[in-house]
Amino acid sequence: MAHSSFLFYYSNRRLSGSFRSFFFIPTALALITSISIIFYISTTSNLFTHQHQITVRLKPPHVSSTLSPPARQTISISFQNASQRPFESPKIAHLGERSGEAGIESQRPLGNYVNNNEVFLDRDIFLEDYKQMNGSFKIYVYPHRRDDPFANVLLPVDSEPGGNYASESYFKKILMKSHFITKDSTKADLFFLPFSIARLRHDPRVGVGGIPDFIRDYIFNISQKYPYWNWTGGADHFYVACHSIGRSAMDKANQVKFNAIQVVCSSTYFQYGYIAHKDACLPQIWPRRGDPPDLASSKRKKLAFFAGQMNSPVRQKLIQVWRNDTEIFAHHGRLTTPYADELLGSKFCLHVKGFEVNTARIADSLYYGCVPVIIANYYDLPFADILNWKSFSIIVATLDIPLLKRILKGISPEEYLMLQSNVLKVRKHFQWHLPPIDYDAFYMVMYELWLRRSSMRVPSSAFVDPSHR
């Protein structure tokens, strides 16, 4: 009995030892593998080595690609981290350089890049397509008579548009008199929904709260009276709006929000309801006539300038950091000097996110020959399918506001002259004219719409209203 007990005890000890060995070996291998992976990541990535980064994105993170016929060559962009020396200028001709100094890095997308001196993403394709667009593109506008109860909302304004949201009215006024209009719906590439969000907002019969109901009823009426909406579920329709209220205007018309092309000033892909590539940015432009004098860079003595209301945490941070600086002039409240003089006297002009990502400051900067510095995360910039924004602007992440002076002062004189020279080349694309001029804001918006056209006619049953899912 004692002998058998001893054997049982001994065999159990051997068995438990075997099990311990059996489990120890894979556990040890897993531990060694994990340590190796962590060591590899720590030596090849900046994930563990840097707590602060200068994020100077010279193009929005999504890098919009053109939506065009299948024959068009598309630009593909891959995103990786790249570093450069601390507080150095965004080396416009040397993207992707790496430097291990000071542990501060600037993230850059790496991939297929155009020449950074060229203001177009692909000049040849743009000019070829622009000619085709100008000769063949057709828009059908839903007709409304002057005695319509809402003619003030549905028809163009009689006077010349003005004010902060004039882009919406300018576009409709010019379009209605342009050669792009057709009364034959079978020849139309796109269909224009002519309601004005800005005018609905001020109409006492509607007001801000009644806009979603108006849009819902308008879509229902045209879908009952005409077959065009039902051909595609609205996918070949578009509307134009510059006021931020336009985003909530579609809350009761989901087919407009998710199917139609939204050409809006508040173009941020961070917000629900705006779909990059399907939708497009309408540049917010304060109307101005003629050209300002003396756009030369030699007369610009101030490093940077900003003035505006404190209606966002981003602007509050800017003023908090730079309001007492002698080189970056950041103001809030009423200016004591003319706004135009400040823009003409500054090398860089700051576009800083307010209530929305968009303001008229980018167009203001370009008009006065000042290099725009864009501090507005998630902004789907105007004409991002066409223009090479990194050739004429600097984009700084909002978290890097404390580093702003070092970023701007790190830009060499040669780089600045290139940026400012390109500003003078692209400024014509950010101006409205009556009648329009080739390559001005109207034609650029038309080109963005042309890129989004489709020749398909799909039964409306193929489109599912997201609210019914």
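## A walk through a predicted model

Y378 is found in the loop between β13 and β14. Keep in mind that this is a predicted model. Phi of Y378 is near 70 degrees, which is positive even though the residue is not a glycine. As a rule, most residues other than glycine have a negative phi. Is Y378 buried, exposed or something in between? With a relative accessible area of 39%, Y378 counts as partly exposed.

Now look at T268, which sits in the loop between β8 (261–264) and β9 (280–281). The side chain of T268 has a polar atom 3.1 Å from the backbone oxygen of Y378. Leaving aside residues up to four places away in sequence, T268 touches Y274, V357 and Y378. T268 has a relative accessible area of 4%, and because anything under 20% counts as buried, T268 is buried.

Another tyrosine to check is Y439, in the loop between α13 and α14. Phi of Y439 is also positive, near 70 degrees. That loop holds P435 too, and the peptide bond from L434 to P435 is cis, with omega near -5 degrees. Most peptide bonds, by contrast, are trans.

Here are the accessibility values side by side:

| Residue | Relative accessible area | Class |
|---|---|---|
| T268 | 4% | buried |
| Y378 | 39% | partly exposed |
| Y439 | 24% | partly exposed |

Next, the sheet. Five strands make an open sheet in the order β11-β10-β12-β13-β14, and they pair in parallel. Which strands stand at the edges? They are β11 (328–331) and β14 (394–395); each has a single partner strand, so one side of each has no neighbour in the sheet. Strands of a sheet pair through backbone hydrogen bonds. Further in, β10 (residues 302–307) and β12 (residues 346–352) run parallel and are joined by three bridges. F305 stands opposite C349 in β12.

Two helices lie across strands of this sheet. Helix α13 (residues 413–426) lies across β12, β13 and β14, and runs at about 95 degrees to β13.

Finally, find helix α2 (residues 123–136) and helix α14 (residues 441–451), which pack with their axes 10 Å apart at an angle of about 90 degrees. The two are therefore roughly perpendicular. Residues making the contact include F126, Y130 and M133 of α2, along with Y443, Y447 and W450 of α14. The residues of this contact divide into nine nonpolar, three polar and one charged.

How values were computed: Residues are numbered from 1 along each chain as its sequence is written. This is a predicted model: local features need pLDDT of at least 70, side-chain atom pairs count only at pLDDT 80 or more; totals for chains, interfaces and linings use all residues. Side-chain values use heavy atoms; hydrogens and water are left out. Helices (H or I, at least four residues) and strands (E, at least two) are DSSP runs, numbered from the N terminus. Buried means under 20% relative accessible area, exposed over 50%, partly exposed in between (1.4 Å probe, protein chains only). A polar contact is a pair of N or O atoms within 3.5 Å; within protein, one must be able to donate a hydrogen and the other to accept it, and residues adjacent in sequence count only if both atoms are side-chain atoms. Contact means heavy atoms within 4.5 Å. Axes are lines fitted to C-alpha atoms, for helices over the stretch in contact, and angles run from 0 to 180 degrees between N-to-C directions. Angles under 35 degrees count as roughly parallel, over 145 as roughly antiparallel, 65 to 115 as roughly perpendicular and the rest as oblique. Ala, Val, Leu, Ile, Met, Phe, Trp, Tyr, Cys and Pro count as nonpolar, Asp, Glu, Lys and Arg as charged, and the others, Gly among them, as polar. Two strands pair if DSSP finds at least two bridges between them.
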